[in-house]
Amino acid sequence: MKPAPQSYSYWRIEGSLVNLTAVRPVAFFAWNAQSFLQRWTRRGGMFVMALARPILYLTHRSFATRILHSILRGVSRDRLDLLGEEYFEARLKPRLKEQGVAQLRKAIANGEQIVLVSQGLDHVMRPLAQFLGVKYLLCNRLDFRDGIATGRLLNPVIRPRGPLAKLIGRNPDGSVSRERLAKNLGFAREPEVLDRGVRPAVRHAPQGYASVVHALPERKFTELSVRKALRGKTVLLVGATGFIGKVWLANLLTDIPEVRKVHVLVRGRRSVSALERFKKLVDESPVFEPLARSHGANFAKFFEEKISVVDGDVSKPGLGLDETTRKQLAHRLDLIVNSSGLTDFNPDLRDALAANVQSVANLIEFVKQTDHAALLHLSTCYIAGQREGRMLEILTPKGAPANPEDFDAFKEWQSLEALARDAEGKAETEKVTDELRKSAIEKPTAARDLGGAALENQVRKNRKRWLRQTLTEAGTRRANELGWPNTYTLTKGIAESLISTRGAGLPIAIVRPAIVESSLEKPFRGWNEGINTSASLSYLLGTYFRQLPTNERKCLDLVPVDLVTRGMTLVSAALILISSKVGIVIK
């Protein structure tokens, strides 16, 4: 609730807090318009405005302000909010006057209900008000229809100060009486216009609809408490060293430390054990820094209590575990989270089958051996492939986009494995060996006397390269034949179809995110790892490279990694309750 108008203390921003004109923010918005045509059209408008504004300013300042903001017609509210925040952070915040800010904060500390008054747009003034701790604004506001600016300013229009204001209006105390402000703005006869124009500094986000998912409709439903569902539970995380896996682990331990134990399946290497590899990850990754700060000196102890590193390989039968460990986990586990996989679009077919298909088959068999464990499998929304129209979120054994009725996931998997074995055998044939030897000798950079052991060594390298290229092309070709764009979606689609057949009746859920990218909040805003997929675009858009060539028909499906992991945690809690035969309602 807003306070009574009589309790307002008006504070003019221009002069006291910052030297701000009406033109510069509008020029910034115009310069960063969404399309090439819009940018140059608005820049042309700004050039004409620069010629006409002095005359308009001298004759009618309010009309000149209206004409100036008409240039922003057609810009979306979201874009203006985003650019307004950027303008404040980059242009206004570094130029705030310390004496004026100190005077303002002193007034706030004395209990005054400050209203910041400015000729600038609310898209720029809101970030400033929130930074200063001010709750109310009196500034210019654009009219919007369906989220798009009409170019018309709403009343009241806050006109610029007079011609001599820059010379005499530099007092750090920007407080001004209601009567004087009304006179300066041209509302001397109707000072109540000022009171009606005061707005909260916080923009209220539109109310979204909560998704409701019904599971086990034949049972009585109860509300889902994620914390209660995961309290005291034992989890096996596969893929903890990956981009999504490490974020999910860190966020789970941060948000729900009541979980009993998280076993992380890590594959040891020749010179590095599984434990050493995971400890290095924790020590070097920024993902775990917030968790380390929250526990301080007890961080190592907390990790020892909550984390157990298990040496294994999900692509091997029995997850590569020894018999004792496998039996212990089968008895204790409540949930298995599989965030592992090979995300290269067109890798060596052998690698893709091992990481994305064989691993899932091994996990399904392991789930069958457990007492009550559920499985959460991380897939991708792009298993839809080259299909048009609405795609329902259902799991089917006939998952191929092209000719689904003739598709058998297990037969396709075995056929691809046979294709890989045939390629390996062909690579060792005399014909291919002779071609590789000839290629090595005729290579322009090859030594003149290349032969003997050096030549055979080069042939071995060429054979590996030839085999990898052959299987990469074979995987892509088969994916396209079945309606998938690449080997990655082919193997992910086969894995889902295997879950549908081999995992029937088991408590299994599949999460299908789009392109998983930089975090929204956790571990901190903008965190990413490497420059894969569209991360390079995210980086460029944080610089002066502001525009991407696109149009309204193009869709860049990006989802922040922490939103994906939050959804995974929610689904994990639901899975645990489902595996215990409890009906739930997710709110």
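A nonpolar surface patch of about 340 Å² is formed by Phe47, Val48 and Leu51. Patches consist of residues with over 30% relative accessible area and no salt bridge, with like charges joined within 9 Å and nonpolar side chains (Val, Leu, Ile, Met, Phe, Trp, Tyr) joined within 5 Å. Burial classes are set by relative accessible area (buried, under 20%; exposed, over 50%; partly exposed, in between; 1.4 Å probe, protein chains only).

The model is a predicted one, in which local features need pLDDT of at least 70 and side-chain atom pairs count only at pLDDT 80 or more, whereas totals for chains, interfaces and linings use all residues. Residues are numbered from 1 along each chain as its sequence is written, and side-chain values use heavy atoms, with hydrogens and water left out.

The chain contains 22 helices and 18 strands; these are DSSP runs numbered from the N terminus (helices, H or I, at least four residues; strands, E, at least two). Of the 587 residues in the chain, 45% are buried. The accessible surface of the chain comes to about 32,000 Å², and carbon and sulfur atoms contribute 53% of this area. Among contacts (heavy atoms within 4.5 Å) with a separation of 6 or more, 77% involve residues 24 or more positions apart.

Two strands are taken to pair if DSSP finds at least two bridges between them. Strands E1 (residues 8-12) and E2 (residues 113-121) run parallel and are joined by 5 bridges; within this pair, Ser9 has Ile114 of E2 as its bridge partner. Axes are lines fitted to C-alpha atoms, for helices over the stretch in contact, and angles between N-to-C directions run from 0 to 180 degrees.

A further open sheet has 6 strands in the order E12-E11-E10-E13-E14-E15, with parallel pairing. Its edge strands, E12 (307-311) and E15 (508-511), each pair on one side only. Neighbouring strands of this sheet are turned against each other by 20 degrees on average, direction ignored. Strand E10 (residues 234-238) pairs with strand E13 (residues 335-338) in the parallel sense over 4 bridges, and with strand E11 (residues 261-266), also parallel, through 5 bridges. Val235 has Leu335 as its bridge partner in E13 and stands opposite Val262 in E11. Because 5 of the 5 residues of E10 are buried, this strand is largely enclosed by the rest of the structure. Side chains in a regular strand alternate between the two faces of the sheet. In E10, Thr234, Leu236 and Val238 point one way, Val235 and Leu237 point the other way, and all are buried.

Leu376 is found in strand E14 (residues 374-378) and counts as buried, at 0% relative accessibility. Leaving aside neighbours within four places in sequence, the contacts of Leu376 include Leu335, Ile336, Val337 and Asn338, as well as Ala509, Val511 and Met568. The C-alpha atoms of Leu376 and Thr569 are 9.7 Å apart in space, while the two residues are 193 residues apart in sequence.

The structure holds 18 salt bridges, each defined as a side-chain nitrogen of Lys or Arg within 4 Å of a carboxyl oxygen of Asp or Glu. In the bridge between Arg326 and Glu323, the closest N and O atoms are 2.2 Å apart. Both residues lie in helix H15 (residues 323-332), 3 residues apart, about one turn of the helix. Arg326 is buried at 18% relative accessibility, whereas Glu323 is partly exposed at 42%. Glu323, Arg326 and Lys327 are linked in a network of salt bridges.

Asp348 and Arg350 also meet in a salt bridge (2.7 Å, N to O); Asp348 is buried at 6% relative accessibility, and Arg350 is partly exposed at 28%. A salt bridge between Arg512 and Glu496 has its closest N and O atoms 2.5 Å apart. Arg512 lies in the loop between E15 and strand E16 (515-517) and Glu496 in helix H20 (residues 487-502), so the pair ties together parts that are 16 residues apart in sequence. Glu496 counts as buried, with a relative accessibility of 3%.

Conventions. Accessible areas come from the Shrake-Rupley method with a 1.4 Å probe; for residues, only the protein chains shown count as cover.
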